[in-house]
Amino acid sequence: MSDASSLPSSGAARPEPVAGFPAAGNLSDAEREDLRRHGILLTSLEELYNWGRSNSIWPLQFGLACCAIEMIAAATARFDIARFGAEIFRPSPRQADLMIVSGTVTKKMAPLVVRLWNQMPEPKYCIAMGACAISGGPFKQGYNVLKGIDRFIPVDIYIPGCPPRPEALLHGLTQLQEKIKAERLAGPDTARHLRPENPGEFPIPDYGAHDLQPPNNPALFSPPSLPRKP
Ligand code: SF4
(Lines give C-alpha, C1' and ligand atoms only; values in the text may rest on other atoms or scores of the structure.)
Protein backbone atom coordinates (compact mmCIF):
# COMPACT_ATOMS: atom_id res chain seq x y z
CA MET A 1 0.00 0.00 0.00
CA SER A 2 1.42 3.42 -0.90
CA ASP A 3 1.40 6.33 1.48
CA ALA A 4 0.73 9.98 0.80
CA SER A 5 4.44 10.64 0.33
CA SER A 6 4.29 8.60 -2.88
CA LEU A 7 1.78 11.02 -4.41
CA PRO A 8 3.32 12.85 -7.39
CA SER A 9 4.91 16.17 -6.67
CA SER A 10 4.18 19.04 -9.00
CA GLY A 11 7.78 19.09 -10.19
CA ALA A 12 7.90 15.38 -11.12
CA ALA A 13 8.81 14.55 -14.69
CA ARG A 14 5.72 13.49 -16.60
CA PRO A 15 5.95 10.42 -18.80
CA GLU A 16 4.59 10.53 -22.32
CA PRO A 17 0.86 9.72 -22.49
CA VAL A 18 0.03 6.26 -23.79
CA ALA A 19 -1.28 6.43 -27.36
CA GLY A 20 -5.07 6.18 -27.41
CA PHE A 21 -5.41 6.91 -23.70
CA PRO A 22 -5.04 10.65 -23.21
CA ALA A 23 -4.39 11.99 -19.75
CA ALA A 24 -7.27 13.66 -17.93
CA GLY A 25 -6.68 17.38 -17.80
CA ASN A 26 -3.00 18.08 -17.24
CA LEU A 27 -2.36 14.89 -15.27
CA SER A 28 -0.24 12.16 -16.77
CA ASP A 29 -1.43 8.57 -16.87
CA ALA A 30 1.15 7.62 -14.22
CA GLU A 31 -0.17 10.32 -11.89
CA ARG A 32 -3.73 9.21 -12.42
CA GLU A 33 -2.76 5.61 -11.74
CA ASP A 34 -1.07 6.73 -8.52
CA LEU A 35 -4.21 8.59 -7.46
CA ARG A 36 -6.37 5.58 -8.39
CA ARG A 37 -4.39 3.45 -5.94
CA HIS A 38 -5.41 5.97 -3.30
CA GLY A 39 -9.08 5.54 -4.20
CA ILE A 40 -9.36 8.69 -6.31
CA LEU A 41 -10.67 8.12 -9.82
CA LEU A 42 -10.05 10.95 -12.25
CA THR A 43 -11.07 11.14 -15.88
CA SER A 44 -11.94 13.74 -18.47
CA LEU A 45 -15.24 14.36 -20.19
CA GLU A 46 -13.56 13.48 -23.48
CA GLU A 47 -12.36 10.14 -22.19
CA LEU A 48 -15.72 9.30 -20.62
CA TYR A 49 -17.52 10.27 -23.83
CA ASN A 50 -15.20 8.17 -26.00
CA TRP A 51 -15.32 5.23 -23.57
CA GLY A 52 -19.12 5.20 -23.74
CA ARG A 53 -19.23 5.46 -27.52
CA SER A 54 -16.52 2.89 -28.17
CA ASN A 55 -18.29 0.30 -26.02
CA SER A 56 -21.76 0.76 -27.48
CA ILE A 57 -21.25 0.61 -31.23
CA TRP A 58 -24.46 -0.25 -33.06
CA PRO A 59 -23.79 -1.86 -36.46
CA LEU A 60 -26.20 -1.55 -39.34
CA GLN A 61 -27.95 -4.85 -39.98
CA PHE A 62 -27.22 -5.64 -43.58
CA GLY A 63 -24.97 -7.92 -45.56
CA LEU A 64 -24.05 -8.24 -49.21
CA ALA A 65 -22.55 -11.70 -49.79
CA CYS A 66 -20.69 -14.59 -48.17
CA CYS A 67 -18.75 -12.36 -45.75
CA ALA A 68 -22.09 -11.52 -44.16
CA ILE A 69 -22.33 -15.13 -42.95
CA GLU A 70 -19.10 -14.61 -41.01
CA MET A 71 -20.47 -11.34 -39.64
CA ILE A 72 -23.59 -13.18 -38.49
CA ALA A 73 -21.40 -15.87 -36.91
CA ALA A 74 -19.60 -13.15 -34.93
CA ALA A 75 -22.92 -12.41 -33.22
CA THR A 76 -23.54 -16.01 -32.16
CA ALA A 77 -22.74 -17.44 -28.73
CA ARG A 78 -19.46 -18.98 -29.90
CA PHE A 79 -17.85 -15.65 -30.84
CA ASP A 80 -20.17 -13.35 -28.86
CA ILE A 81 -19.70 -9.86 -30.26
CA ALA A 82 -21.76 -8.73 -27.25
CA ARG A 83 -18.54 -8.88 -25.21
CA PHE A 84 -17.58 -5.69 -27.03
CA GLY A 85 -20.97 -4.00 -26.72
CA ALA A 86 -21.67 -4.23 -30.45
CA GLU A 87 -24.38 -6.87 -30.56
CA ILE A 88 -27.26 -4.49 -31.26
CA PHE A 89 -27.54 -4.72 -35.03
CA ARG A 90 -30.02 -2.04 -36.03
CA PRO A 91 -32.35 -2.51 -38.99
CA SER A 92 -32.48 1.25 -39.60
CA PRO A 93 -29.52 3.40 -40.65
CA ARG A 94 -30.98 6.19 -38.49
CA GLN A 95 -30.10 4.15 -35.39
CA ALA A 96 -26.72 2.75 -36.46
CA ASP A 97 -23.24 4.21 -36.16
CA LEU A 98 -21.23 1.43 -37.81
CA MET A 99 -21.56 0.17 -41.36
CA ILE A 100 -19.88 -3.22 -41.87
CA VAL A 101 -19.63 -3.63 -45.64
CA SER A 102 -19.56 -7.42 -45.64
CA GLY A 103 -19.50 -8.84 -49.13
CA THR A 104 -19.26 -8.08 -52.81
CA VAL A 105 -20.45 -4.59 -53.72
CA THR A 106 -21.94 -4.82 -57.18
CA LYS A 107 -22.31 -1.63 -59.18
CA LYS A 108 -26.05 -2.14 -59.00
CA MET A 109 -25.87 -2.14 -55.20
CA ALA A 110 -23.26 0.61 -54.70
CA PRO A 111 -25.66 3.61 -54.90
CA LEU A 112 -27.88 1.97 -52.29
CA VAL A 113 -24.91 1.41 -49.96
CA VAL A 114 -23.96 5.08 -50.30
CA ARG A 115 -27.55 6.12 -49.63
CA LEU A 116 -27.62 4.00 -46.46
CA TRP A 117 -24.34 5.60 -45.38
CA ASN A 118 -25.78 9.06 -45.93
CA GLN A 119 -28.80 8.17 -43.80
CA MET A 120 -26.63 7.21 -40.82
CA PRO A 121 -26.15 10.05 -38.33
CA GLU A 122 -22.73 11.28 -37.28
CA PRO A 123 -20.51 10.13 -35.71
CA LYS A 124 -20.40 7.07 -37.94
CA TYR A 125 -17.75 4.57 -38.94
CA CYS A 126 -17.20 2.07 -41.72
CA ILE A 127 -15.50 -1.32 -41.71
CA ALA A 128 -14.71 -2.88 -45.09
CA MET A 129 -14.90 -6.59 -44.34
CA GLY A 130 -13.25 -8.95 -46.80
CA ALA A 131 -11.42 -8.74 -50.08
CA CYS A 132 -14.58 -7.90 -52.05
CA ALA A 133 -15.46 -4.83 -49.98
CA ILE A 134 -11.84 -3.69 -50.06
CA SER A 135 -10.99 -4.22 -53.72
CA GLY A 136 -13.55 -6.37 -55.53
CA GLY A 137 -11.75 -9.51 -54.35
CA PRO A 138 -12.00 -12.53 -56.62
CA PHE A 139 -14.49 -10.61 -58.78
CA LYS A 140 -12.21 -7.62 -59.28
CA GLN A 141 -12.13 -8.08 -63.03
CA GLY A 142 -15.89 -8.38 -63.27
CA TYR A 143 -17.55 -5.57 -65.20
CA ASN A 144 -20.33 -5.44 -62.64
CA VAL A 145 -18.28 -5.31 -59.41
CA LEU A 146 -17.10 -2.19 -57.60
CA LYS A 147 -13.38 -2.35 -56.90
CA GLY A 148 -13.63 -1.19 -53.32
CA ILE A 149 -16.32 0.64 -51.36
CA ASP A 150 -13.74 3.29 -50.40
CA ARG A 151 -14.29 4.76 -53.86
CA PHE A 152 -17.53 6.24 -52.55
CA ILE A 153 -17.49 6.31 -48.74
CA PRO A 154 -14.63 6.72 -46.24
CA VAL A 155 -13.46 3.47 -44.67
CA ASP A 156 -12.02 3.44 -41.14
CA ILE A 157 -10.94 -0.20 -40.83
CA TYR A 158 -10.01 -2.71 -43.54
CA ILE A 159 -10.25 -6.43 -42.72
CA PRO A 160 -8.55 -8.57 -45.37
CA GLY A 161 -9.48 -12.16 -46.14
CA CYS A 162 -11.85 -14.19 -48.25
CA PRO A 163 -13.71 -14.51 -46.03
CA PRO A 164 -12.27 -13.05 -42.84
CA ARG A 165 -13.19 -15.24 -39.89
CA PRO A 166 -15.41 -13.88 -37.11
CA GLU A 167 -12.30 -13.43 -34.95
CA ALA A 168 -10.92 -11.10 -37.63
CA LEU A 169 -14.09 -9.03 -37.48
CA LEU A 170 -13.79 -8.86 -33.69
CA HIS A 171 -10.19 -7.72 -34.08
CA GLY A 172 -11.30 -5.05 -36.55
CA LEU A 173 -13.95 -3.96 -34.08
CA THR A 174 -11.44 -3.60 -31.26
CA GLN A 175 -9.19 -1.60 -33.60
CA LEU A 176 -12.13 0.70 -34.27
CA GLN A 177 -12.70 1.02 -30.52
CA GLU A 178 -9.09 2.13 -30.10
CA LYS A 179 -9.59 4.67 -32.85
CA ILE A 180 -12.72 6.07 -31.19
CA LYS A 181 -10.99 6.25 -27.79
CA ALA A 182 -8.22 8.35 -29.34
CA GLU A 183 -10.58 10.88 -30.91
CA ARG A 184 -10.31 14.48 -29.76
CA LEU A 185 -13.36 16.65 -29.16
CA ALA A 186 -11.50 19.94 -29.63
CA GLY A 187 -8.20 21.35 -30.78
CA PRO A 188 -6.21 20.87 -33.96
CA ASP A 189 -6.71 17.08 -33.93
CA THR A 190 -10.49 17.27 -33.62
CA ALA A 191 -12.30 14.16 -34.84
CA ARG A 192 -13.49 14.10 -38.44
CA HIS A 193 -17.19 14.26 -37.61
CA LEU A 194 -16.72 17.42 -35.51
CA ARG A 195 -15.02 19.39 -38.25
CA PRO A 196 -17.61 21.33 -40.26
CA GLU A 197 -15.57 21.19 -43.47
CA ASN A 198 -15.85 17.40 -43.56
CA PRO A 199 -19.05 16.17 -45.19
CA GLY A 200 -21.26 13.60 -43.49
CA GLU A 201 -23.00 12.77 -46.77
CA PHE A 202 -21.45 11.77 -50.05
CA PRO A 203 -22.68 11.98 -53.67
CA ILE A 204 -24.71 8.96 -54.75
CA PRO A 205 -23.54 7.68 -58.15
CA ASP A 206 -25.98 7.17 -61.01
CA TYR A 207 -26.28 4.18 -63.29
CA GLY A 208 -24.51 5.19 -66.50
CA ALA A 209 -24.54 3.45 -69.88
CA HIS A 210 -21.45 1.39 -69.07
CA ASP A 211 -20.40 2.25 -65.53
CA LEU A 212 -21.40 4.20 -62.46
CA GLN A 213 -21.37 7.95 -63.01
CA PRO A 214 -19.07 9.14 -61.61
CA PRO A 215 -17.08 5.87 -61.28
CA ASN A 216 -15.64 7.09 -57.98
CA ASN A 217 -15.79 10.08 -55.66
CA PRO A 218 -12.74 12.17 -56.64
CA ALA A 219 -12.66 13.70 -53.14
CA LEU A 220 -12.07 10.24 -51.68
CA PHE A 221 -10.33 8.18 -54.31
CA SER A 222 -7.89 8.84 -57.10
CA PRO A 223 -7.05 5.92 -59.38
CA PRO A 224 -3.30 5.31 -59.68
CA SER A 225 -1.82 6.57 -62.92
CA LEU A 226 -0.15 3.72 -64.77
CA PRO A 227 2.31 4.99 -67.37
CA ARG A 228 1.93 3.16 -70.67
CA LYS A 229 5.00 1.57 -72.14
CA PRO A 230 5.89 3.08 -75.51
S1 SF4 B 1 -14.32 -11.69 -49.86
FE2 SF4 B 1 -14.69 -13.85 -50.38
S3 SF4 B 1 -16.11 -14.56 -48.78
FE4 SF4 B 1 -16.16 -12.29 -48.76
S5 SF4 B 1 -17.87 -11.75 -50.10
FE6 SF4 B 1 -16.01 -11.77 -51.35
S7 SF4 B 1 -15.97 -13.84 -52.25
FE8 SF4 B 1 -17.39 -13.89 -50.50
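Helices here are DSSP runs of H or I with at least four residues, strands are DSSP runs of E with at least two, and both are numbered from the N terminus. Counted that way, the protein chain has six helices and five strands. Please keep in mind that this is a predicted model, in which local features need pLDDT of at least 70, side-chain atom pairs count only at pLDDT 80 or more, and totals for chains, interfaces and linings use all residues. Residues are numbered from 1 along each chain as its sequence is written, and side-chain values use heavy atoms, with hydrogens and water left out.

**The overall plan**

- The protein chain has 230 residues, and 41% of them are buried; buried means under 20% relative accessible area, exposed means over 50%, and partly exposed lies in between (1.4 Å probe, protein chains only).
- A contact means heavy atoms within 4.5 Å. Of the contacts in the protein chain with a separation of 6 or more, 72% are between residues 24 or more positions apart.

**Around the ligand**

- Which residues are around the ligand? They are Ala65, Cys66, Cys67, Gly103, Thr104, Ala131, Cys132, Pro138, Phe139, Gly161, Cys162 and Pro163, where a residue is near a molecule if one of its heavy atoms lies within 4 Å of it.
- This shell divides into nine nonpolar residues, three polar ones and no charged ones. In this sorting, Ala, Val, Leu, Ile, Met, Phe, Trp, Tyr, Cys and Pro count as nonpolar, Asp, Glu, Lys and Arg as charged, and the others, Gly among them, as polar.
- Cys66, one of the residues around the ligand, counts as exposed because its relative accessible area is 57%.

- Helix α1 spans residues 29–37, and its buried residues are Asp29, Glu31, Arg32, Asp34 and Leu35.
- Helix α2 (45–54) is part of what covers the buried residues of α1.
- After α1 comes Gly39, with a positive phi near 85 degrees.
- Helix α3 (residues 67–74) is mostly covered, with six of its eight residues buried.
- Those buried residues in α3 are Cys67, Ala68, Glu70, Met71, Ala73 and Ala74, and their cover includes β1 (98–102), β2 (125–129) and α6.

- Pro163 lies in the loop between β3 and α6, and a cis peptide bond with omega of about -10 degrees joins Cys162 to Pro163.
- Pro164 is in the loop between β3 (157–159) and α6 (166–181).
- Is Pro164 buried or exposed? Pro164 is buried, because its relative accessible area is 2%.
- Beyond its neighbours within four places in sequence, Pro164 is in contact with Cys67, Glu70, Met129, Gly130 and Ile159.
- Pro164 and Glu70 are 94 residues apart along the chain, with their C-alpha atoms separated by 7.2 Å.

- Gln177 belongs to helix α6 and counts as buried because its relative accessibility is 7%.
- Not counting residues up to four places away in sequence, Gln177 touches Ser54, Asn55, Ile57 and Phe84.
- Trp51 belongs to helix α2 and counts as exposed because its relative accessibility is 54%.
- Trp51 and Lys181 are 130 residues apart in sequence, and 6.1 Å apart from C-alpha to C-alpha.

**Backbone details to look for**

- Most residues other than glycine have a negative phi, and most peptide bonds are trans.
- Asp80 has a positive phi, near 60 degrees, and is not a glycine.
- You can find Asp80 in the loop between α3 and β1, where Asp80 counts as partly exposed because its relative accessible area is 28%.
- The peptide bond from Gln213 to Pro214 is cis, with omega near -5 degrees, and Pro214 sits in the segment after β5 (212–213).

**Side chains and cysteines**

- The charged end of Lys124 sits over the ring of Trp117, 4.8 Å from its centre; the rule asks for NZ of Lys or CZ of Arg within 6 Å of the ring centre and within 35 degrees of the ring normal.
- How many disulfides are there? The count comes to zero, with a disulfide defined as a pair of cysteine sulfur atoms within 2.5 Å.
- Cys126 is buried because its relative accessible area is 0%.
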